[in-house]
Amino acid sequence: MAFFIASSPHSHNRKSTSDIMRMVLLCTLPGIAALCYFFGWGVLFQVAIASVTAMLAEAAVVALRKRPVKRYLQDNSALLTGLLIGISIPPFAPWWIAVIGSLFAIVIAKHLYGGLGQNPFNPAMVAYVVLLISFPVQMTTWLPPVSLIAQPLGIMDSASSIFTGLSTDGFSVNQLRVAADGMTMATPLDTVKTALLAGNTVSEAVQLPVFDTFAGIGWGWVNVAFLVGGLALIKQRIIQWQIPTAMIGSLLVLSTMGYAISPDAVASPVLHLFSGATMLGAFFIATDPVSASTTTKGRLVFGAMIGTLVYLIRTFGGFPDGVAFAVLIANMCVPLIDYYTKPTAYGYKKESK
């Protein structure tokens, strides 16, 4: 009987890495469908560009390392990284944003450390932060939801805007950001932060058209869709429940306390939980089996740390959303978290740290 030694991610459900990644890909489909419904065809173009670029970069690097290209591509890890990048960037960002992000994720954040199982940071989030810092304008140019947009965009308009910067009617992305009422649109979290910086209250901010539903038009249902996909992953035992529960729980507790103390200066718990990348981060990013904590208690600490950092960055930081930064900071702490939360081996006394 052969004895195989393999790098992480390890799983106890007897599924291969390829099967696990495939299941994660399938469970993102409800969220992607919701994004497309509320924000247009650009979502699919970004996912396609990022995924193809990630696969090509993976093939090129693996070939240079003289490894079997087909076997590495079949584990679907590069495809998942590309998909997460495509989901994270604005649907009508220039095509080269997705290309640069995918190349950086695969070549630098993944293979520079030795490939799958050896990268200390989540590659998709490393790429996202690099893009956000390097190209802040392109990475924050979100269009209004389809129901509010002044110039409806078809599939050809979406492709033209991404690859040329202009729709087929000659409208630029900045012009397309203007809603039917003449207001330039932003994400709900960005709208609240901008309003607070301008001296307005949260109550005044949520009167704007983008807040027609419980967490902003589209964003609430997008988060619900990723929540459904994430619960399916837990049911299939692809991911463990501790990280999502601790992240969402800590974010809920802190946002509830903050809102109770200062409702005019702090966003509501509903907005924190169902806007931005909360559910995507909790179920599909923070649970990365390579860069997350590996012990049971450690996962709870890891998730709670991410939820706390997300709240602090959103409330006191300079960025409207903080999921990517929170995940990367928590990734840095994984060795320490695992060291202090590792279980005692059977037959040994617990050592003092």
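This is a predicted model: local features need pLDDT of at least 70, side-chain atom pairs count only at pLDDT 80 or more; totals for chains, interfaces and linings use all residues.
## Nonpolar cores

The largest nonpolar core has 77 residues. Within this core, I87, M125, F226, F284, F302 and I306 touch the most other members. Helix α18 (residues 323-341) supplies the largest share of the core, with nine residues. Another core lies apart from it and has ten residues, including L189, V192, A215 and A267. As a general point, nonpolar side chains in soluble globular proteins tend to be buried together.

Leaving aside neighbours within four places in sequence, F284 is in contact with V24, C27, T28, L84, F226, G229, G230, L233 and M279.

## Helix α3 and the residue after it

Helix α3 covers residues 42-64, which makes 23 residues. From the first C-alpha to the last, helix α3 reaches 33 Å, and this is close to the 33 Å expected at 1.5 Å a residue. Just after α3 comes K66, whose phi is positive, about 60°.

## Positive phi in two loops

Most residues other than glycine have a negative phi. N76 is not a glycine, yet its phi is positive, near 65°. N76 sits in the loop between α4 (69-73) and α5 (77-88). N76 has a relative accessibility of 13%, so it counts as buried, the limit being under 20%.

R237 is not a glycine either, and its phi is positive at about 60°. R237 is found in the loop between α13 (219-235) and α14 (242-261). Is R237 buried or exposed? The relative accessible area of R237 is 64%, so R237 is exposed, the limit being over 50%.

## Aromatic pairs

The model has eight aromatic pairs. In one of them, the ring centres of F39 and W142 are 5.9 Å apart and the planes stand at 75°, so the pair is edge-to-face. The two residues are 103 residues apart and link distant parts of the chain. F39 belongs to helix α2 (residues 29-39), while W142 is in the loop between α8 (136-139) and α9 (155-164). F39 is buried at 5% relative accessibility, and W142 is buried at 11%. F39, W142 and W219 form one aromatic cluster.

F319 and F325 make up a tilted pair, with 4.9 Å from centre to centre and 35° between the planes. F319 has a relative accessibility of 32% and therefore counts as partly exposed. F325 has a relative accessible area of 17% and is buried.

Methods: Residues are numbered from 1 along each chain as its sequence is written. Side-chain values use heavy atoms; hydrogens and water are left out. A nonpolar core is a set of buried Ala, Val, Leu, Ile, Met, Phe, Trp, Tyr and Cys residues joined through side-chain atoms within 4.5 Å. Buried means under 20% relative accessible area, exposed over 50%, partly exposed in between (1.4 Å probe, protein chains only). Helices (H or I, at least four residues) and strands (E, at least two) are DSSP runs, numbered from the N terminus. Contact means heavy atoms within 4.5 Å. The expected span of a helix is 1.5 Å times one less than its number of residues. Rings of Phe, Tyr and Trp (its six-membered ring) pair if their centres lie within 6.5 Å; planes under 30 degrees apart count as stacked, over 60 as edge-to-face and the rest as tilted.
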